[in-house]
Amino acid sequence: MRQITVNLYRFDELSSQAQEKALRELWDINVNYNWWEDTIDNWDAELEKQGFTNPKIYFSGFYSQGDGACFDCDGFDYDAILNSFVSEFDSEDMLALCSDDTAMLKCFRNHRDTFINLLSDSCETLIQANSTRYCHEHTRSLVLYRNFDRNRFKRIHRIVENLTEWLEEKRKELCRKIYRELETEYEYLTSDEAIRETIKANDYEFYEDGKLA
């Protein structure tokens with residue numbers, strides 16, 4: 001029988017070259033599970049708050065053509081959406097978008113409940129898929145179908161058009177924010193700093209050349 005004694009080392013005891021090897025071999029130690037779940041859960045709650053009912057987020061990443069994030073939803077909370085819409089409508093950008101139509105804004109504010117009922121009863125809003133190959137913001141588009149007399153509700157029709165345009169840009173912006181947050185988290189989790197923290201927290205031991213024992 002032959003007995004062999006092998007020396008094991010903590011990360012800080014390794015040579016710089018062995019440490020580099022350990023970091024390379026364990027580059028995915030923090031992302032080999034569903035690391036994105038907390039971020040997605042937080043964004044699910046935020047999208048609900050923004051007025052997108054029961055959202056479902058999709059993403060792909062990172063660093064390849066077509067990477068990005070998008071989401072579907074089962075419906076829309078018009079009251080929540082309009083709260084955000086009015087808030088941004090007061091800004092110069094939104095007034096410019098609506099041709100500085102303060103009369104239209106006044107009409108909207110004075111007949112808000114009627115407007116919400118009209119959206120709920122006479123409009124159908126949905127997020128439709130344009131492509132199933134990728135997951136970025138342009139693989140979806142928001143469509144709002146109107147089923148009311150445009151001549152009778154001429155001013156309201158203009159508000160609906162502006163709302164649709166604004167909501168589509170809002171959707172794209174949210175998709176980009178979701179992707180950027182996921183990308184930032186992924187970059188941190190795969191950074192040398194985060195890998196070192198995980199190694200030390202778990203008291204991993206290595207052979208002299210940096211290979212995990």
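Visitor: Leaving aside its neighbours within four places in sequence, which residues is phenylalanine 52 in contact with?
Guide: Phenylalanine 52 is in contact with Leu47, Phe71, Cys73, Gly75, Phe76, Ile127, Leu167 and Leu174. Please keep in mind that this is a predicted model.

Visitor: What makes these count as contacts?
Guide: Contact here means that heavy atoms lie within 4.5 Å. Leu174 is one of the residues in contact with phenylalanine 52, so heavy atoms of the two lie within that limit.

Visitor: Which residues have the most contacts inside the largest nonpolar core?
Guide: They are Phe52, Phe71, Phe76, Leu119, Leu163 and Ile178, in a core of 37 residues. Several elements each supply at least two residues of this core: helix H2 (37-50), strand S4 (68-72), helix H3 (78-89), helix H6 (112-122), strand S6 (123-129), strand S7 (140-146) and helix H7 (154-189). The largest share, twelve residues, comes from H7. Apart from this core lies another one, of ten residues, with Phe11, Ala22, Leu26 and Phe206 among them.

Visitor: H7 keeps coming up. How do you know whether asparagine 162 is buried or exposed?
Guide: Asparagine 162 has its place in helix H7. Its relative accessible area is 11%. Buried means under 20%, so asparagine 162 is buried.

Visitor: How far apart are asparagine 162 and phenylalanine 85, in sequence and in space?
Guide: Asparagine 162 and phenylalanine 85 are 77 residues apart in sequence, and their C-alpha atoms are 9.7 Å apart in space.

Visitor: Why is threonine 164 called buried?
Guide: Threonine 164 is also placed in helix H7. Its relative accessibility is 13%. The limit for buried is under 20%, so threonine 164 counts as buried. Not counting residues up to four places away in sequence, threonine 164 touches Leu142, Leu144 and Arg146.

Visitor: Let us turn to charges. Why is the pair of aspartate 72 and arginine 140 called a salt bridge?
Guide: The N to O distance between the side chains of aspartate 72 and arginine 140 is 2.6 Å. A salt bridge needs a side-chain nitrogen of Lys or Arg within 4 Å of a carboxyl oxygen of Asp or Glu, so this pair meets the rule. The pair links distant parts of the chain, with aspartate 72 in strand S4 and arginine 140 in strand S7, 68 residues apart. By this rule the count comes to eight salt bridges.

Visitor: How do you know whether arginine 140 is buried or exposed?
Guide: Arginine 140 has 10% relative accessibility. That is under the 20% limit, so arginine 140 counts as buried.

Visitor: What makes glutamate 169 and lysine 172 a salt bridge?
Guide: Their side chains meet at 3.8 Å, N to O. The limit is within 4 Å, so the pair qualifies. Because glutamate 169 and lysine 172 are three residues apart in helix H7, about one helical turn separates them.

Visitor: How accessible are glutamate 169 and lysine 172?
Guide: Glutamate 169 has a relative accessible area of 42%. Lysine 172 has 16% relative accessibility, which is under 20%, so lysine 172 counts as buried.

Visitor: How do the side chains of glutamate 173 and lysine 177 meet?
Guide: Glutamate 173 and lysine 177 meet in a salt bridge, with 3.3 Å from N to O. These residues are four apart in helix H7, so they are separated by about one helical turn. Glutamate 173, at 29% relative accessibility, counts as partly exposed. Lysine 177 is partly exposed too, with a relative accessible area of 33%.

Visitor: What about the surface? Which residues form a nonpolar patch there?
Guide: Ile4, Val6, Leu8 and Tyr207 form one, with about 360 Å² of accessible area together. Valine 6 is in the segment before strand S1 (9-10). At 49% relative accessibility, valine 6 is not over the 50% that exposed requires, so valine 6 counts as partly exposed.

Visitor: Which rings are linked into a cluster?
Guide: Ring pairs link Trp35, Trp36, Phe59, Phe62, Tyr63, Tyr179 and Tyr186. The structure holds 13 aromatic pairs.

Visitor: And how many helices and strands does the protein have?
Guide: The protein has eight helices and eight strands. Of its 213 residues, 43% count as buried. The accessible surface comes to about 12,900 Å², and 42% of that belongs to carbon and sulfur atoms.

Definitions and conventions
Residues numbered from 1 in each chain as written. Predicted model: local features only at pLDDT ≥ 70, side-chain atom pairs only at ≥ 80, totals over all residues. Heavy atoms only, no water. Patch = residues over 30% accessible without salt bridge, like charges linked within 9 Å, V, L, I, M, F, W, Y side chains within 5 Å. Areas by Shrake-Rupley, 256 points an atom, 1.4 Å probe, with all protein chains shown as cover. Buried < 20%, exposed > 50% of the residue type's maximum accessible area, 1.4 Å probe, protein only. Phe/Tyr/Trp six-rings, centres within 6.5 Å; stacked < 30°, edge-to-face > 60°. Core = buried A, V, L, I, M, F, W, Y, C linked by side-chain atoms within 4.5 Å.
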